[in-house]
Amino acid sequence: MADRYSSRRMGCAVLSVTALLLTACSGEEKPEVAYDLPDTLCGALVGKKAIEPLFPPGRKLTHTGDALDNGKYASGCDYAVDNAKTLLVSSFFHEDRPTARQIAEKRATDYGDGDKKVTVDASGNIALYSRGAVAVAACPGYSPDADGLPRTSFSVEILAFYPKDLSKADKTLTQLVRKLVPVVAKANSC
């Protein structure tokens, strides 16, 4: 009788070890990034490390749109990984001087997945919402180009679709919009 119980225990132990090995061998592999991360966002040098947290695993990265330093009233570009929207970057000139909070509140309503919370940094020039960040800066004395639209300020925005939870990416988004503001300002003699 004792042999029967030992055999049963041994059988259970072998079955458990086999299940663990199968789980480990066929288990979830860590998804890979099979594409090259860009050094720039819409023509602005930011470095791969700065944008890495905002790009998902995947095979193919595509990029469409304009460079931020082209002097247009509105410009921007977007990135997709395996045909899924990943990151939208844009700049807009404004006739008036909206605050970062005002723009972020509108974006949170449009893109915030029901989360309308907005956080503004100490300067008041950068605001974060659940899917992105926006920075504003003055551009006084900028003479309008051929489009004839007056410009007194501009905003730079990043709308991110990855990761699903951007709560830990606040610092990344803040640093990125902060890096993009001088690029747009310099290109437009602000």
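**Close-up views of a predicted model**

The count comes to two disulfides (a disulfide is a pair of cysteine sulfur atoms within 2.5 Å). This is a predicted model, where local features need pLDDT of at least 70, side-chain atom pairs count only at pLDDT 80 or more, and totals for chains, interfaces and linings use all residues. Residues are numbered from 1 along each chain as its sequence is written, and side-chain values use heavy atoms, with hydrogens and water left out.

**View A. A disulfide joins C42 to C77.** A disulfide is a covalent bond between the sulfur atoms of two cysteines. Here the S to S distance is 1.8 Å. The link of C42 and C77 is left-handed, with -95 degrees about the S-S bond. This pair links distant parts of the chain, 35 residues apart. C42 lies in the loop between β1 (40-41) and β2 (44-45), and C77 in strand β4 (residues 74-81). Helices (H or I, at least four residues) and strands (E, at least two) are DSSP runs, numbered from the N terminus. Are these cysteines buried or exposed? C42 is buried, with a relative accessible area of 2%. C77 is buried too, at 4% relative accessibility. Buried means under 20% relative accessible area, exposed over 50%, and partly exposed in between (1.4 Å probe, protein chains only).

**View B. C139 and C190 form a disulfide.** Their sulfur atoms are 1.9 Å apart. The link of C139 and C190 is left-handed, with -80 degrees about the S-S bond. C139 lies in the loop between β8 (132-138) and β9 (153-160), and C190 in the segment after α4 (170-187), so the pair ties together parts 51 residues apart in sequence. C139 counts as buried at 0% relative accessibility. C190 is partly exposed, with a relative accessible area of 36%. With bonded cysteines counted along the chain, the disulfides follow the pattern 1-2, 3-4.

**View C. F55 and Y79 form an aromatic pair.** A search of the whole structure finds three aromatic pairs. Rings of Phe, Tyr and Trp (its six-membered ring) pair if their centres lie within 6.5 Å; planes under 30 degrees apart count as stacked, over 60 as edge-to-face and the rest as tilted. The ring centres of F55 and Y79 are 5.8 Å apart and the planes are at 80 degrees, so this pair is edge-to-face. F55 is in the loop between α2 (48-51) and β3 (61-65), and Y79 is in strand β4, 24 residues apart. F55 is buried, at 4% relative accessible area. Y79 is buried as well, at 3%.

**View D. Y73, F93 and F154 form one aromatic cluster.** Y73 and F93 make a tilted pair: 6.5 Å centre to centre, 40 degrees between the planes. Y73 lies in the loop between β3 and β4, and F93 in strand β5 (residues 84-94). F93 is buried, at 4% relative accessibility. The charged end of R151 sits over the ring of F93, 4.7 Å from its centre. For such a contact, NZ of Lys or CZ of Arg must be within 6 Å of the ring centre and within 35 degrees of the ring normal.

**View E. The largest nonpolar core has 35 residues.** A nonpolar core is a set of buried Ala, Val, Leu, Ile, Met, Phe, Trp, Tyr and Cys residues joined through side-chain atoms within 4.5 Å. Those with the most contacts inside this core are L54, F55, L87 and F154. Which element gives the most to this core? α4 does, with seven residues.
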